[in-house]
Each structure stands twice: as structure tokens, then as C-alpha cells.
Amino acid sequence: MASQGTSATPGAGAHAAGSPQALNQIVIEYLSKKGYAKTEAMLRVESAHTDHEGRPILSNLDDQPDVKYEKAYSHLKGWIENSLDIYKPELRRLLFPVFVHLFLQLVKEGYMKPSQRFFEEHSVEHTAAHAVDLMKLKAISLPQHIDDDHLVRLYRENKYKVNFSKTTSNLLIHFLEETEDNGGGVVLRIINDHIEMRTTAGRPTMFGEEEGILGENEGITGHTSGRSESGAALPMVKLGPLPMTSDFMGDVEDELRDEDAENATGGDLSISLLDEFQKKIKREESEDSPMRDHIPLPPYTGVDIEREVRVVKENRDRMKLSGAPAPALPSVLMYTFHNTNDGLQCVDFSEDGTIAAGGFAESYVRIFSIKGAPLESIIPGENLPVAPKTRRLIGHSGPVYGVSISPDKKYLLSCSEDKSVRLWSLDTYTALVSYKGHDSPVWDVRFGPYGHYFATASHDHTARLWSCDHIYPLRIFAGHLDDLDTVIFHPNSAYVFTGSTDKTIRMWDIQTGNSVRLFTGHTGPVMALAISPDGKWLASAGLDSTIMLWDIASGKRLKTMRGHGKTSIYSLTFSMEGTILLSGGADNTVRCWDVAYGTGAPTAEAPEGVGATAAAGGSGILSGGDGATKVDGTSAAGASNKRKRTEIVATPDHLQVFYTKKSPVYKVQFTRKNLCLAASANMPNAP
């Protein structure tokens, strides 16, 4: 029977003996029986660090290269989320650069699938603030991409700057050193190689509380942040008005005296035009004014005098939007383009608000008479049988992305995908000049304040300064790292401002061609710029759905304004006093902001019931071509739109919202009488 029992279990015994645990147990029992106590103890310790298949259990992350980066990031993120609330805003700033460099390290070491899993799992939490960079990084999948891709080289060759209070910095370093074997060492190496931690004295500040908004001098210089590339003192800038020549002032004053004499004869007892000009408009040389010789302009003509007289009249008659006892909110005159089939690319209004120009994807420009007056050409044959109220300008061979009407309403500029800029006569409605210099599509074009110069912004990463009487550029402004999306002149014509896909705004001196200011903090491409009439403040907005207000002289951000939800902002405009800012965007609204709120200057108070409540679904008054129309936030777009609007949380400087119905707002522009003109394109099939 013994032999039968032995032969009955050979398979089971062999199987049991073949497993690593069973073999270890047999050896341990043998050593114990023979009295080899030390050897037995050592074997037990080593057996405790093996898995069920007998393979060693790795406790050091460096022994697991394909998972160590994932564990290191999760380790850091978990600690940050469990930290005290006072430290979280600052610590969260570190997650994005750490995420980027861990992902790039995985790709560089050849772990294709682990790198893609890592990106897909953790990129979502950074999408709101860094969507543009993440879209480009998603395409990085092979080790050779590390050396070839421009954005990757930007991150690997430059240190990402992050601001920390001293307390927060000490807590972070202590935690990483204490948990070096659990991922802290990996993060420490990333910080040492690719991140510059700047510490400030005192308690944790709240400069990091606005999620997605970089603090001053944070990120990568010239890409996501950094006010001065060299760190040197900022160049001095002259922000005062360009002085008038004595002859021009004398001729304008003579014309105004004649106007006042006619008004007195007619019984008009209003403030004299001459007084208005001398007290509020006349521009004399001052310490803060640029030298007139630095901005050569052609000799003035009767058209210039006529325009200056019109400016004085409009300034005297304008609606006051600031001051005691209570400020008034602006009226918005909305012009909606129908049946554009999503082909309208850009809109501009003339200074006096009598004509509008639109650029279309079908390669033409269309001129509209806002007041309904015929658009008569000085060529008699062009007015037959009758002069039309709208005209089409054909000449480009690609979509028209930018249009600009000259201050004297005599000319129009258009830019296109065909890499050219065209100058059109608004007297004959024909093309005069084709300017070629960019080697890529031109995204924007803008006349200067005096009509002689204009500037362009292009896909070739440059802006260019031109004069109407030269077919070649006078200056090339190079320094941005990506497309230039928008361009604007300073009111004194001495500077040009550009907004770029690299998330920065630059200020250029047109005399030297140098960049004299770098404004950074946006987390998406900058699509809209506006400068206050006094030339001291700059407003910027773009795809990150935020509006930022900057002090031009110091280059510092004064505040950030929110209210457009998570949609793009297309246009900005200041009131004539510079106290009210209007914005238009893809959320089908025009929004009104108090510029002074939060900057230390006297603020405008919204009327009762207006402000953040309106932004979250209240009602607004929209002045249209057929009169004022009350639009209710809950009924204009249905219940689904109501749910979306209630999610919008506006900042306290939000004064009013004007809703449209399925019509993204492409342009907002204050006239000199403080009436805002706005243009939108109706999209009935939009969700």
C-alpha cells in the first residue's frame, strides 16, 4: 500500500515541488532540520521579496523605467491635492511643467505605449490652461521628434519659471527629499534640470489662485511668460499724444472760429468749438510726447483739417460714460450679417460710423452703407443705372482675413491668404496697390491713427510696417515664436502692438524696429488688442476666454477679467474716456467692463440689477438698427443655453451683457460720440 500511495501522487508532488514557493519551503525545512539557522534566516528574508513566480519584487523606481514617471507624477499630484488649501494654488503651478518633461522623457527613452497612456491619462487636467501646447505635444510619439519639434526644443532648452513663497518651496523640497525612493527623486531631477523655482519672502500669496493664469514672469520667456528677455531695465517709452504743428493748429482754429460764428448767428449757445479744441483736443509738445520728427508724415491737406473739425464736434457732443453723479452704460448698435454661410472673416467700421467693410472667405471685400446712402463713385459710369448701397471689391485670390478703413474714409486695406495686402480707393472702389513682402498668409492689417502708415501681422511670425506710398515694408518686427494674429497702433503712432499664437503681446518702436515691451500671462493665442485713448492702458484677449488689462509704461498686468465662459474673444474697444471696455466673442454676447475697478482708480458702479448677475443669465438691452430690444437670457436661446449661461461666473468688474441670438460678435468699436458699433454673423444652424 505504501508503494501504491507513493506512485499515486507523483504528478501532484512534482507540480508542488516545481513551484518557487514550494521549493523555497522544502529548502527551508531542510536547513532547519540540519540546524543551519543563519542560512535559513537569510533565505526567509530573500524569499519575502519575490513574487508568486519567484521573480524579485522591485522596490526602487529606477529599476522600473517604464512606470517610474507615471508613479512619480501621481505621487506629486496626490501630495499636492492633500496639502492645505493655502498652499495648493502655488503648488499646482508645478504640475504642468513636470507633466510635460516626464512625458518627453518617456518618449525620449523609447517607451511609446507608456508615454501615450501617460499623456491621455493626465493631459485632461491641463487642457483649460494649456490647450494649444497640449495639442502640439500630442503628436510627439517618437524619439526623433524630441530633437526635431520646435515646441519640444523650446521646453527642453529653456527653464520653465515658477514663483513660490519661501514656505511653500521649503515644504515641497522637504517632501521630495523625504520620499526620494517613491518618486520624489524623479521629480527633483526634473526640477533641477528644467524648472526654475523663484522664491519670495513671506507667506504664500494668492498670485496663483486664478487657475490657468500664469503669474508675472512665469513660464518660458517669450512663450508663456516673461516681461523682459534680458532682465534689464525696461526702455523708456513716450506715451503722450503726437504734437500738432503750429501751422496745422492755426488753420484748425481758424476753421473752428468760422464754425462758431455760424452757430452764433443761428442762435446756438452751446460750448464753442474753439474752446473745446483748446481745452481738450489740442496736442502740444510735452515731456511724455514723442518727437514729431521721429514719425514723418506728409504735409497736411484740407481733408486733415476737415477731419480735425469733425473730431472736435463729435467730442463736444459725445455721451459721457464716466463721472458723477452716476456713470451711464453705453448703447450698442448691432449690425448682423445674414446668409454669410460662415464665410464672413472680419469686419471694420469707418471712424464716423457711416460705412462698414467685411472680408469674406470667397476672396472678396464687401462695402456696406450703414445709413443707407448710395455709395457713389467718382467714375460716372460706375453709378449706372443707380449708385448701389453696397459694393464688392474683387482682386484677392484667397480668403480675406483683415480689413481696415482709413481715418479719412478715402481708402481701405485688405489682407489675405494669398500673402498680399491691397489698397483700395473708396472714391472709385477700385484697387490701387498690391503690397507683397510676407511669404505666408497675412492674418491682420491696420491703418495707423493718421492714415499714412499701416501694419500687418502674418503666419511667417513677423509684423511689418508700411507706408501707403511705398510698395516695400519700412520695418520688419521679428521676435515672436509663432503666428502673429492681430496688430494695432498706439494712439500717438509711435508704437505698434502685436498679439501672437505664442500667447504673448509685444510692443514695437517704429523708429528703431525694436521690441520695447513683452506682455505675458495669457494661456492661449492672443486674438484681440485695444489701447485706451490716452495711450496708457492696453487690453488683450484671445482663445483663453480672459481679458487682461496692462499698464503699458511698467509692462505689468493690472487685472484679469472673466465672463465670456470658455469661448474665444474676438474684439475689444475702449470708450473715449477710457473708463469702459467692451468685448465681443464667440459666446454670442457683447460685454461691458469697468476698467478702473481693481486698479486703484475711481470705479464705475453698475446700475442696480446689473453686473455678475446679468452675466449669469440676466437681461440686457441691445440697441439694434430697428430700436432697443430687450433680450432675456432665459428665453432668447432656450433652456439648454440657459444652463450654459448659468455656469458663467463673471468677475466683479463686469457691468452689463448684451445678448445676440446665435450670432458670434466679430467686431466692437466705439465712435467718438461713445456709441458702440458691433458686427455679428448670424449662424442659425449653430448648436
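**Notes on a predicted model**

1. Let's start with a strand pair: β22 (residues 546-551) and β23 run antiparallel to each other, joined by six bridges. Strands here are DSSP E runs of at least two residues, helices are H or I runs of at least four, both numbered from the N terminus, and strands pair if DSSP finds at least two bridges between them. Across this pair, M548 sits opposite T560 of β23.

2. A word on the ground rules. This is a predicted model, where local features need pLDDT of at least 70, side-chain atom pairs need 80 or more, and totals for chains, interfaces and linings use all residues. Numbering runs from 1 along each chain as its sequence is written, and side-chain values use heavy atoms, without hydrogens and water.

3. Back to the sheet: it is open, with four strands in the order β20-β21-β22-β23 and antiparallel pairing. At its edges are β20 (526-531) and β23 (556-562), each pairing on one side only.

4. Of its 40 residues, L76, V98 and L137 touch the most other members. Helix α7 gives the most, ten residues.

5. Which residues is V98 in contact with, leaving aside neighbours within four places in sequence? They are Y73, L76, V187, I190 and I195, contact being heavy atoms within 4.5 Å.

6. Finally, E314 lies in helix α16 (residues 302-317). With its neighbours within four places in sequence left aside, E314 is in contact with D352, R672 and K673.

Note on methods:
Core = buried A, V, L, I, M, F, W, Y, C linked by side-chain atoms within 4.5 Å. Buried < 20%, exposed > 50% of the residue type's maximum accessible area, 1.4 Å probe, protein only.
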